[in-house]
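I opened this one to look up its salt bridges and its helix packing. My entries follow, in the order I made them.

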Amino acid sequence: SLKNGHLYKSYKFPSFRDSVNFVNKVADLAEEEDHHPDIYIHYKKVEFEIWTHAINGLSKNDFILAAKIEKLYKKE
């Protein structure tokens, strides 16, 4: 979803451990992309907030990262 010029997406997992494992995969992806989302872990739910800090808004890279996170999730 889109709020205040930022992309938000949350994912649910069977356990806290699964949530953390997914976050670790996204962290590796973020390093590869050199584009880092804000990540919130709420027990079995993980929420990502994505935007480009330098412009305080959205860029093409934000949508690319969001799509890659979605693809990772679908592999779970």
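Salt bridges came up first, and I found three in the structure. I took a salt bridge as a side-chain nitrogen of Lys or Arg within 4 Å of a carboxyl oxygen of Asp or Glu. A note on the ground rules: this is a predicted model, where local features need pLDDT of at least 70, side-chain atom pairs count only at pLDDT 80 or more, and totals for chains, interfaces and linings use all residues. Residues are numbered from 1 along each chain as its sequence is written, and side-chain values use heavy atoms, with hydrogens and water left out.

**Entry: E70 and K9**

I looked up E70 and saw that it forms a salt bridge with K9, with 3.4 Å between the closest N and O atoms. This pair links distant parts of the chain, 61 residues apart: E70 sits in helix α2 (residues 60-75) and K9 in strand β2 (residues 6-12). For the naming, helices (H or I, at least four residues) and strands (E, at least two) are DSSP runs, numbered from the N terminus. E70 is partly exposed at 23% relative accessible area, and K9 is partly exposed too, at 39%. My cut-offs here are buried under 20% relative accessible area, exposed over 50%, and partly exposed in between (1.4 Å probe, protein chains only).

**Entry: K74 joins in**

K74 counts as exposed, with 64% relative accessibility. I noted K9, E70 and K74 as a linked network of salt bridges.

**Entry: K68 and E33**

Next I checked K68, which forms a salt bridge with E33 at 2.7 Å between the closest N and O atoms. Here, too, distant parts of the chain are linked: K68 is in helix α2 and E33 in helix α1 (residues 16-33), 35 residues apart. I have K68 as partly exposed at 33% and E33 as partly exposed at 29%.

**Entry: α1 against α2**

How do α1 and α2 pack? I read an angle of about 145 degrees, with the axes 11 Å apart. The axes are lines fitted to C-alpha atoms, for helices over the stretch in contact, and angles run from 0 to 180 degrees between N-to-C directions. Contact (heavy atoms within 4.5 Å) is made by F22, K25, V26, L29 and E33 of α1 and by I64, L65, K68, I69, L72 and Y73 of α2.
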